[in-house]
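Have the sequence and the 3D view ready, and look up each residue as we get to it.

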Amino acid sequence: MSFTLSDLEATIAARAASGDASSWTAKLIAAGTPKAAQKLGEEAVEAVIAAVGGDRANLVKESADLLYHWLVVLKLADIPLSEVMAELESRTGQSGLAEKAGRPKEN
Ligand SMILES: N=c1c2ncn([C@@H]3O[C@H](COP(=O)(O)OP(=O)(O)OP(=O)(O)O)[C@@H](O)[C@H]3O)c2ncn1[C@@H]1O[C@H](COP(=O)(O)O)[C@@H](O)[C@H]1O
């Protein structure tokens, strides 16, 4: 398997620029962030339902839908995938629990 999120990001950018009426991506980009973010939320909930229900096959499909719609939302926000990867990279070497313990106290 050589297909990457970066490949999908490039496809989304090309389809967004195409304005092709037969492209779901172009349609979603034209609809704007509220619609794309709503789809992202729906796919997240569907992935949660599949996970909690132990539905492995559906969890794979809903995860793909989730990642695709997440990349569309990033595109609309003009955030390259590399910026998210850099944020993740900056967190390597620190445990999530240590990071949480170091956060300022909330009132
Ligand atoms: N990975 C995806 C992908 N995953 C999901 N979807 C589409 O996302 C849409 C939303 O799914 P839903 O079942 O929620 O759709 P719906 O209920 O009809 O949506 P609503 O009308 O209710 O909002 C469907 O049309 C899916 O086909 C995707 N559409 C495109 N891609 C990728 O983007 C590429 C370009 O696609 P186009 O932009 O369509 O050419 C494709 O070759 C794929 O690589």
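Is Arg91 buried, partly exposed or exposed? Arg91 is partly exposed, because its relative accessible area is 47%, and the cut-offs are under 20% for buried, over 50% for exposed and in between for partly exposed (1.4 Å probe, protein chains only).

Before going on, a few ground rules. This is a predicted model, where local features need pLDDT of at least 70 and side-chain atom pairs count only at pLDDT 80 or more, while totals for chains, interfaces and linings use all residues. Residues are numbered from 1 along each chain as its sequence is written, and side-chain values use heavy atoms, with hydrogens and water left out.

## Who sits around the ligand

Start with the ligand and look at what surrounds it. The shell consists of Leu8, Thr11, Arg15, Ser23, Trp24, Thr25, Lys35, Lys39, Glu43, Asp65, Tyr68 and His69; a residue makes the list if one of its heavy atoms lies within 4 Å of the ligand. Sorted by class, that gives three nonpolar, four polar and five charged residues. Here Ala, Val, Leu, Ile, Met, Phe, Trp, Tyr, Cys and Pro count as nonpolar, Asp, Glu, Lys and Arg as charged, and the others, Gly among them, as polar.

Now zoom in on some N and O atoms, where a polar contact is a pair within 3.5 Å (inside the protein, one atom must be able to donate a hydrogen and the other to accept it, and residues adjacent in sequence count only if both atoms are side-chain atoms). Lys39 places a polar side-chain atom 2.6 Å from a ligand oxygen. Arg15 also uses a polar side-chain atom, 3.0 Å from an oxygen of the ligand. With Trp24 it is a polar backbone atom, and the distance to a ligand oxygen is 2.8 Å. On its own the ligand exposes 860 Å², and the protein buries 52% of that (areas come from the Shrake-Rupley method with a 1.4 Å probe, and for residues only the protein chains shown count as cover).

Which elements give two or more residues to this shell? They are α1 (5–18), α2 (24–31), α3 (33–52) and α4 (56–76). Helices here are DSSP runs (H or I, at least four residues; strands are E, at least two), numbered from the N terminus.

## Charged partners

Side chains of opposite charge can pair when their charged atoms come close. Such a pair is called a salt bridge when a side-chain nitrogen of Lys or Arg is within 4 Å of a carboxyl oxygen of Asp or Glu. How many turn up in the whole structure? The search finds four.

Arg15 is partly exposed at 30% relative accessibility, and Asp20 is partly exposed at 29%. Another bridge joins Glu87 and Arg91, and its closest N and O atoms are 3.0 Å apart. Glu87 counts as partly exposed because its relative accessibility is 39%.

## Lys39, back again

Lys39 has a salt bridge too, with Glu42, at 3.2 Å from N to O. Both residues lie in helix α3, three residues apart, or about one turn of the helix. Is Lys39 buried or exposed? Lys39 is buried, since its relative accessible area is 16%, whereas Glu42 is partly exposed at 30%. Leaving out residues up to four places away in sequence, Lys39 touches Trp24, Leu28 and His69 (contact means heavy atoms within 4.5 Å).

## Where helices meet, and a loop

Ile12, in helix α1, counts as buried because its relative accessibility is 1%. Ile12 and Val72 are 60 residues apart in sequence, yet their C-alpha atoms are 6.8 Å apart in space. Beyond four places in sequence, Ile12 touches Thr25, Tyr68, Leu71, Val72 and Lys75.

Last stop: Asp78, in the loop between α4 and α5 (81–90). Asp78 has a positive phi of about 60° although it is not a glycine. Asp78 is exposed, as its relative accessible area is 68%.
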